[in-house]
Every structure is written in C-alpha cells, then in structure tokens.
Amino acid sequence: MIGLYHPGHSLIHRAPMLLKLVLLSLAVLLVGSLGELWQLGACLLGVAALFLVARVPLGAAWQQIGPILWILVIAVPVQALFAGWTTAGLMAGRLLIAVALAALFTVTTTVTAVLEGFQKLLRPFRRWVDADRVGLLLALTLRCIPLVTEIVSEVIEARRARGTQGSLLALAVPVVVRSLYAADAIGEALAARGLDD
C-alpha cells in the first residue's frame, strides 16, 4: 500500500526528503516528456535498479505497484481504441513509472520525515500558510490512500466470496459508501482533538 515505509540503510533511504522529492518531481516531468516506447522501457529498467539499490523486497514493491495494474487493464484498451496502441503504451508506461517512483519515495521515506520536510519548506510562507495544518493534511492523505486501497480490496474480496461479478458501478458504490463512513470517523476523531475550526 502507498504510504508504508520499509526500513533500510541504503543511499536512497538516507537521502534528504526534500532532495528525493525534487528528484521525484523532475523524473516524473522527464518521463512525461518522453515520446518513444524504448525510452520508457529504459526508464522502467532504471526504476527497477533503484528498487534494487534501496533493497526493497519484491513483495513490498509489488504491494506498492500492483494496484495500478488494475487501472491499466481498463485504461489501456480504452486508450488504444481511441488513440492507438502506441499512445496507449506510452500512457501506461508513463503512469507505471510515475507510480513506481512515488512508491519508491514512500517506502524509503518515513511519514515523519515527509511532514518535517514540508513544514520546513512552508515556514517562509507561515504568514499565509499554516505549515502544521498542511502537515496534518499531508499525513491524512498518506493515511487515506492505503485505507481506500484496503476498502477496495475488501469489497472485491466480498464480491468474490458471494460469487458475483457485477458492473463497475456495483464495485464503486460500496467503496464510496465505506470511504465516506471512514472519512466521517476521521472527521469525528479530529473534532474530538480540537481540530475542527
């Protein structure tokens, strides 16, 4: 799941959070500008090498990147239908690389380091932006991504157990309802701690 740190002592783990964030942003921009499938293939090999350098176990890497494949199973044929297989392949490659790089960032960076980094980054703007609130927002975002992923997995598992293979709407409705219940519970917890203003 996105947002789960995997402990380690690699060069990537030890790199400062802001440096990793800048490099992640530049890499995603670079990948977005590539227009050849072989270039994206080379980037995928580079990302795989970074996972090896970071010594991220295969299971942890798959747990991070695997969910995007479900989206690609739907998105690639649709994209190919409207724009051709080359364009669909480029879209899939860019998305896969971006998610893999983001996953590498999250498995090699603690949430505490991310929050502290963003608070440092926003301190010069404290007159206009509450750095602590932005840090809280970021922490909630990082927590909610795996939470929603878990909800989707549970709904899919429940559908399999019942032997139903309904439409996308039949999957989306229980996911949205359960996500809203979770958001309500988080909101109540924040209000109980005095963060409701």
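Buried means under 20% relative accessible area, exposed means over 50%, and partly exposed lies in between, with a 1.4 Å probe and protein chains only. This is a predicted model, in which local features need pLDDT of at least 70 and side-chain atom pairs count only at pLDDT 80 or more, while totals for chains, interfaces and linings use all residues. Residues are numbered from 1 along each chain as its sequence is written, and side-chain values use heavy atoms, with hydrogens and water left out.

**Exercise 1. Leu69**

Solution. 
- Step 1: Find the element. Helices are DSSP runs of H or I with at least four residues, strands are runs of E with at least two, and both are numbered from the N terminus.
- Step 2: Look for partners. Contact means heavy atoms within 4.5 Å.
- Step 3: Leu169 is 100 residues from Leu69 in sequence, and their C-alpha atoms are 19 Å apart.

**Exercise 2. The whole chain**

How many helices and strands are in the chain, and what share of its residues is buried?

Solution. 
- Step 1: Count the elements. The chain has 8 helices and 0 strands. From the N terminus the order is α-α-α-α-α-α-α-α.
- Step 2: Take the dimensions. Along the principal axes, the C-alpha atoms fill a box of roughly 50 × 45 × 35 Å.
- Step 3: Read the burial. Of the 197 residues, 29% are buried.
- Step 4: Read the contact range. Take contacts between residues at least 6 apart in sequence: 72% of them join residues at least 24 apart.

**Exercise 3. Helix 4 against helix 5**

Describe how helix 4 and helix 5 pack, and say what kinds of residue make the contact.

Solution. 
- Step 1: Get the geometry. Helix 4 (residues 58-83) and helix 5 (residues 85-108) pack at about 160 degrees, with axes 8 Å apart. Axes are lines fitted to C-alpha atoms, for helices over the stretch in contact, and angles run from 0 to 180 degrees between N-to-C directions.
- Step 2: Name the arrangement. Helix 4 and helix 5 are therefore roughly antiparallel. The cut-offs are under 35 degrees for roughly parallel, over 145 for roughly antiparallel, 65 to 115 for roughly perpendicular, and oblique for the rest.
- Step 3: List some of the contact residues. Among them are Ile65, Leu72 and Val76 of helix 4, and Met91, Leu95 and Val99 of helix 5.
- Step 4: Sort them. This contact has 19 nonpolar, 4 polar and no charged residues. Ala, Val, Leu, Ile, Met, Phe, Trp, Tyr, Cys and Pro count as nonpolar, Asp, Glu, Lys and Arg as charged, and the others, Gly among them, as polar.

**Exercise 4. Two partners of helix 2**

Is helix 2 parallel, antiparallel or perpendicular to helix 5, and how is helix 2 set against helix 6?

Solution. 
- Step 1: Start with helix 5. Its axis and that of helix 2 (residues 17-33) come within 9 Å and cross at roughly 175 degrees. That makes helix 2 roughly antiparallel to helix 5.
- Step 2: Inspect this contact. The residues include Lys20, Leu24 and Val28 of helix 2, and Arg94, Leu101 and Phe105 of helix 5. They divide into 11 nonpolar, 2 polar and 2 charged.
- Step 3: Turn to helix 6. The axes of helix 2 and helix 6 (residues 111-122) come within 9 Å, crossing at roughly 85 degrees. Helix 2 and helix 6 are therefore roughly perpendicular.
- Step 4: Inspect the second contact. Met17, Leu18 and Leu21 of helix 2 meet Ala113, Val114, Gly117, Phe118 and Leu121 of helix 6. Here there are 7 nonpolar, 1 polar and no charged residues.
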